[in-house]
Amino acid sequence: MKLKNREKDVIALLSKAQRENKHNYITEEKLKIIAQEAGLSYSEVYGVATFYSLFSLKPRGEYVIRVCDSGPCHLMGSRSIFEVLEEELKIKVGETTPDGEFTLEETSCLGICDEAPAMMINEKVYSNLTPQKIKGILRKLGDKK
Amino acid sequence: MIKELKSPMRIVLDNCGKINPESIREYIAQGGYKAIGKVLREMKPEEVVSEIKASGLQGRGGAAFPTGLKWEFTAKAEDTPKYIICNADEGEPGTFKDRAILEGDPHKIIEGVIIAGYSVGAHYGYIYIRGEYLFSINLFRKAIKQAEERGFLGENILGSGFDFQIEIHQGAGSYVCGEETALMDSLEGKRGNPRFKPPFPPSSGLWEKPTVINNVETLANIAPIILKGADWFRNFGTKKCPGTKVYAISGHIKEVGVVEAPLGITLREIITEYAQGMREGKFKMAQVGGTAGAILGEDMLDVPLDYTSLKEKGLVLGSGAILAMDETTCCVDMLKCFLNFFERESCGKCIPCRIGTEKLLELTTAISRGEGKEDDINLMLLTAEVMQKTSLCALGQSPILPISTILKYFREEFIEHIKGRCPTGVCKI
Ligand SMILES: Cc1cc2nc3c(=O)[nH]c(=O)nc-3n(C[C@H](O)[C@H](O)[C@H](O)COP(=O)(O)O)c2cc1C
Ligand code: SF4
Ligand code: FES
């Protein structure tokens, strides 16, 4: 018994393609391949890929930093988190560092509001953030290289 | 692990923190999967639907639609196959109560989905979990496998002849996908745009087939109701809104977390008794129901937080999220934050919401910079009102509620900004 219509789940294919890309994005070639695999037109797959905020069609950093700025995080000081990140990384929200290491993004609520302010770096959650904590997190990620 | 405040009552969260969520054995030891046994051996599908109807359980995802009625519509629909969907897309800011249940007691949700399937005649279920909840996604993959191994899922469940299968779908980042019809399009592999209703999901849902879609918390109530009965369930909460609610409270309070309480508890009780009061500052306002919810001032501290009592006042309980804010909070800055959320998450399918959310954000941004005009306040209200009347889904219909209620209490503060001063010093004018 297999659930029908789901073997060619486009969203899962897109997620996989992005995960396998070092720069956290889906290339145009990949989009074409996925369209073929799923039996859809290129424009349909492009439409899906651009709808969801977790997907990117532009190269991003190895680490994608997504900071929440919804109500609870905003109230608990997310603006100061953005400020330190922008200062430390010398980029603005939406940009990638020239060395291709970090991308800074703003996101809606991540469901971690019990530990606001919160952010995710790739698949990892960081919460109860303070400006000091951010500096430590960045240093650790830099050291790993 | 989400902190659970001292809950006065536990139906939904009963096992959370008590059992190892990775162990089906521990769930079974607490009476888990007994309800599915009872249903398959002793009850006809119609009887299950009647029991849920009699319990008065209302959907906990926000709209408070009677669950039994939803199941009955789907059971009576003739088309097949039918589907069950568990909505675990939890995206309403301030809401983390579904995560508490997902991470604490996955099998209770699975059991609820199977019972729903049996009662409406569905053999397939999906659990749509938001992409960021990776911990829950992995936990559910394991839990489903365990349930299959023990014969609670798969073919001929417990020798009853009933087949049921569950699959996980991982979301990809979109608030509007929590809206039921958008979620269905998303499950079908499309852009998650809400559909025009009617038709409603019970007659035409996933792949245009009859579909029950329920919130995580709704489904977590099913097994307890089956085991203990509708009358037992009606002992809790209010007459019109039976049972408990899992409230998620955050903001300027001493203890942040989830608390399960009978429906009808007041905001004052939640803040003072369970969240241990405000931190340093004095209470200024609370937003109830998430970003799409209303602002409540001090005069509303004693309103019972149930669907009916709030509706009578033109307010909503929504997801049950509560954001408590003290006097250091700037109203204009917060409203700008709420409107930024709507602007970012508007799917763009319909014009009033696509353009309206942008205009609303522009207007509040101007006010927060001291560049607003007095007329802008009325323009905001008018824009949000038009959106309420003409938008396709509840996302575009919602901004009027936070805007009109915050203005009801703090219009003066907006006017001060327009005159060039932010009373709390938050906005840089
Ligand atoms: C913009 C929007 C977002 C929503 N997000 C969610 C959500 O994350 N989880 C949820 O259960 N319901 C959400 N809903 C409500 C669903 O449309 C639907 O009413 C609910 O899943 C039905 O389940 P229930 O009857 O058990 O509450 C959302 C609705 C709207 C309009
Ligand atoms: S109201 Fe907004 S979110 Fe809903 S369908 Fe229209 S544009 Fe999309
Ligand atoms: S508001 Fe930031 S995680 Fe919910």
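**Reading a ligand site and a chain interface**

Guide: Let's start with one contact: Arg99(B) and Asp114(A) form a salt bridge, with their closest N and O atoms 3.0 Å apart. A salt bridge here is a side-chain nitrogen of Lys or Arg within 4 Å of a carboxyl oxygen of Asp or Glu. This is a predicted model, where local features need pLDDT of at least 70 and side-chain atom pairs count only at pLDDT 80 or more, while totals for chains, interfaces and linings use all residues. Residues are numbered from 1 along each chain as its sequence is written, chains are lettered from A and ligands numbered from 1 in the order in which they are written, and side-chain values use heavy atoms, leaving out hydrogens and water.

Visitor: How many salt bridges are there between chain B and chain A?

Guide: The count is three. As for polar contacts, those are pairs of N or O atoms within 3.5 Å; within protein, one must be able to donate a hydrogen and the other to accept it, and residues adjacent in sequence count only if both atoms are side-chain atoms. Between chain B and chain A, 14 residue pairs are in polar contact, both residues being at pLDDT 80 or more.

Visitor: Which element gives the most to the side of chain B that touches chain A?

Guide: Helices (H or I, at least four residues) and strands (E, at least two) are DSSP runs, numbered from the N terminus. Here helix 14 of chain B gives the most, with eight residues.

Visitor: What area is buried between chain B and chain A?

Guide: Buried area is the accessible area (1.4 Å probe) that two parts lose on being put together, summed over both. For this pair of chains that comes to about 3700 Å², and carbon and sulfur atoms give 58% of it. Glu132(B), Ala172(B) and Arg191(B) supply 15% of the area that chain B buries against chain A, more than any other three residues.

Visitor: And the ligand: how many residues surround ligand 1?

Guide: A residue counts as near a molecule if one of its heavy atoms lies within 4 Å of it. By that rule 17 residues surround ligand 1, with Gly61(B), Lys70(B), Asn214(B), Asn215(B) and Thr218(B) the closest. Strand 4 of chain B (residues 211-215) provides the largest share of that shell, three residues.

Visitor: Which polar atoms sit by the oxygens of ligand 1?

Guide: A backbone N or O atom of Arg60(B) is 3.3 Å from a ligand oxygen, and a polar backbone atom of Glu90(B) is 3.2 Å from one. With Asn215(B), a side-chain N or O atom lies 2.7 Å from an oxygen of ligand 1.
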